Amino acid sequence: MEYAIEIHNITKVFGDFTAVDHISFSIPKGKIFGFLGPNGSGKSTTIRMLCGVLTPTSGSGTVLGLDIVKDAEKIKQSIGYMSQKFGLYEDLTIKENLNFFASIYGISGIMKKERIQEIMELCGLGEKQHAAAGILSGGWKQRLALACSLLHQPRLLILDEPTAGVDPVSRRVFWGVIHRLARSGITILVTTHYMDEAESCDLLGFIYRGQLMQLGTVEEIRQREGMHSIEDIFISYVERVSDIKVTGSFMEIRNHLD
Amino acid sequence: MNLHRFMAIVRKEFIHIRRDKASMMIALAAPLLMLFLFGYAVKLEVERVDMAVFDQDHSAQSRALVQKLKHTDYFIDRYYAGSDREVIEMVDKGIVKVGLIIPPDFERLIKGGKEAQVQFLIDGSDATTARTALSSTMLLSSDFGRDIREEMLKKAGPLGIGAGGIRALPRVLYNPAMESIKFTIPGLIGLVIQNITIILTAFSLVRERERGTLEQLIITPIRPIELILGKLIPYILIGFFDFALVMILAMTVFRMEVRGSMLMLLLFSACFVICALAMGMIISTIAKTQLQAMQMALLLLLPSVLLSGFVFPREAMPKPIYLMGFVMPLTYYLQIIRGIVLKGVGVDALRQQTGLLLFFTFLLIFVAVMRFKKRLD
């Protein structure tokens, strides 16, 4: 099992709308995979299928060696997930949230206490452990959500826009934790719109209108497209497929008046 | 005050209401529903009270008495019993509200110018009906007596035998003082349990969905049954606690006495709590927001106050409204709790009601779990 995720021609159709159209990729263990694409391109649908929450219309795949259709329940026990919207309980404190998710993943007793301590240190949450999650700032909320997804020591982490709306400093702190986790052997699938974050990933995949446009390491993609900036490459894909003309830099937008 | 800004808010508010189907229903359908329901169902007069007759005389006079009672449309001679005990049993079971016992020498006594006694047994657990029934029976009896005297005077002339008549001996069973509070309090217990449990349960499940935490929860290994039961247990406990609280208050402050089996009462109250829980769960699978959950709960609860016979007797309601009461579990619970508390009857007298309550409970639980499982997927 050298691949953490292996999917083959995964397709999801809702009525007459194809959300995900024959996507295939393989993510080796311990790598960070940046899953990029515009809003509504099929990222979240693909992720749900990987998590075992949605059944593919066709295609097959394994996550950590477990079949995404047949072993969906086992997959849930082995992966950590951070949703785009803050999905934790605002009226529970940091500690209470951690306690809850630890129990949901079957951790109990002394191990639970130790684990929670560990995680709070790792994510820097100890200082506000008795604060209600609802009053935390964006950066703190994301760290808490990450913490809750790590309690059961998953081998694969799926993070859906974890740094959306988070300030530049907190973003860097967060990615510091992600890279540390990857070095310890955990595979990470991240979706993000921050291209500077994307550039630090091991592998990148672009998805647009349900189809995988590009897959490869950052260097490979740069060579194939002949461009250095991932953001420019992203924009060029959108332009190519949809006939929209996009002005590259914000300074150009400011100076052009058309 | 700026008119444009103000109107912008007004317009936006109308759009909100239009888009929120549940609010639309409340705004338009609910008033009509309530008007018709309450308009037709709220009747302070008593009509068509079922009566059981034990006629030991089978004479022209005894039949005339029954006719007299029937003629007013107040009383319907639905059953003819063969014994005292049968009559009492029927009142116990709630099959009839009034029993009439005519002695064997009724006609002989009347014709002989003496006074014949007839006994009326009146179900006191429903104070409204009881009071009207009581006064009606007294009135009609003395009327009857007067009719007889007139008739006899006509036949026999002023020198005829002394006027006979009838003396009605009414006995109000269970609640002799016909205190309406004795009738209301048990009913109130049922209402309180139903309302609180339904609202709390509905809210709990909808809140999870509304806050978006359900999405995070679905990806964990949690199983639907664990989620459902785990969420319900606190509310079952609260329901029981509320029941105990209200019972204690009823017995101390309102001096309610439980005539029948406390154990039976507790058992069926527990059953009813679970029933209300299931109703709350079903609402939570339909409502998308807590606001909608509240509105749906209200839509269910307000008519139930009326249709279940909580205050106004169901027998007096027009047929369609009367029939609607049969699909409300509260109706059966009220009969059960009133039966046990006021009449002191046991399960055999309440066989129909208890059976139906259990049936509804299982049915509602089944529907709730099915719908909930589907929703989670």
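Trainee: Which side chains meet in a salt bridge with 3.3 Å from N to O, one partner being Lys343(B)?

Mentor: Before the case itself, keep in mind that this is a predicted model. In general, side chains of opposite charge can pair when their charged atoms come close. Here the side chain of Lys343(B) meets that of Asp123(B) in a salt bridge, at 3.3 Å from N to O. The two partners belong to distant parts of the chain, Lys343(B) lying in helix H13 (residues 329-343) of chain B and Asp123(B) in strand E4 (residues 115-123) of chain B, 220 residues apart.

Trainee: Are Lys343(B) and Asp123(B) buried or exposed?

Mentor: Lys343(B) has a relative accessible area of 14% and is therefore buried, the cut-off being under 20%. Asp123(B) is buried as well, with a relative accessible area of 2%. Elsewhere in chain B, salt bridges that share partners join Lys68(B), Asp143(B), Arg146(B) and Asp147(B) into one network.

Trainee: How many salt bridges are there over all chains, and which residue forms one with Asp71(A)?

Mentor: The count comes to 21 salt bridges over all chains. Asp71(A) pairs with Lys74(A), and their closest N and O atoms are 3.8 Å apart; Lys74(A) is exposed, at a relative accessible area of 51%.

Trainee: Which residues of helix H8 of chain A are buried, and what covers them?

Mentor: In this helix, residues 218-225, the buried residues are Val218(A), Ile221(A) and Arg222(A). Seen down the axis of H8(A), the buried residues fall within an arc of 100°, so they line one face of the helix. Their cover includes helix H7 (195-198), strand E9 (203-208), strand E10 (211-217) and helix H9 (230-242) of chain A. After H8(A) comes Gly226(A), with a positive phi near 70°.

Trainee: Turning to strands, how many residues of strand E1 of chain B are buried?

Mentor: In strand E1 (residues 49-55) of chain B, 7 of the 7 residues are buried, so the strand is largely enclosed by the rest of the structure. Val49(B), Met51(B), Val53(B) and Asp55(B) point one way, while Asp50(B), Ala52(B) and Phe54(B) point the other way.

Trainee: Which strands does E1(B) run parallel to?

Mentor: E1(B) is joined by 5 bridges to strand E2 (residues 75-80) of chain B, running parallel to it, with Val53(B) opposite Tyr80(B) in E2(B). Between E1(B) and E2(B) the chain crosses through helix H3 (residues 60-71) of chain B, in a β-α-β crossover that is right-handed. Another 5 bridges join E1(B) to strand E3 (residues 98-102) of chain B, also parallel, and there Asp55(B) stands opposite Ile102(B).

Trainee: Finally, how many disulfides does the structure hold?

Mentor: The structure holds 0 disulfides over all chains. For Cys123(A), the nearest cysteine sulfur is that of Cys148(A), 9.0 Å away, and Cys123(A) is buried with a relative accessible area of 4%. For Cys275(B), the nearest cysteine sulfur is that of Cys271(B), 6.6 Å away, and Cys275(B) is buried with a relative accessible area of 0%.

Technical notes. Residues numbered from 1 in each chain as written. Chains lettered and ligands numbered in written order. Predicted model: local features only at pLDDT ≥ 70, side-chain atom pairs only at ≥ 80, totals over all residues. Heavy atoms only, no water. Buried < 20%, exposed > 50% of the residue type's maximum accessible area, 1.4 Å probe, protein only. Helix = DSSP H or I, 4+ residues; strand = E, 2+ residues; numbered from the N terminus. Pairing = 2+ DSSP bridges. Right-handed = clockwise from strand over helix to strand, strands pointing away. Disulfide = S-S within 2.5 Å. Arc of directions from axis to C-beta. Contact = heavy atoms within 4.5 Å. Salt bridge = Lys/Arg side-chain N within 4 Å of Asp/Glu carboxyl O.
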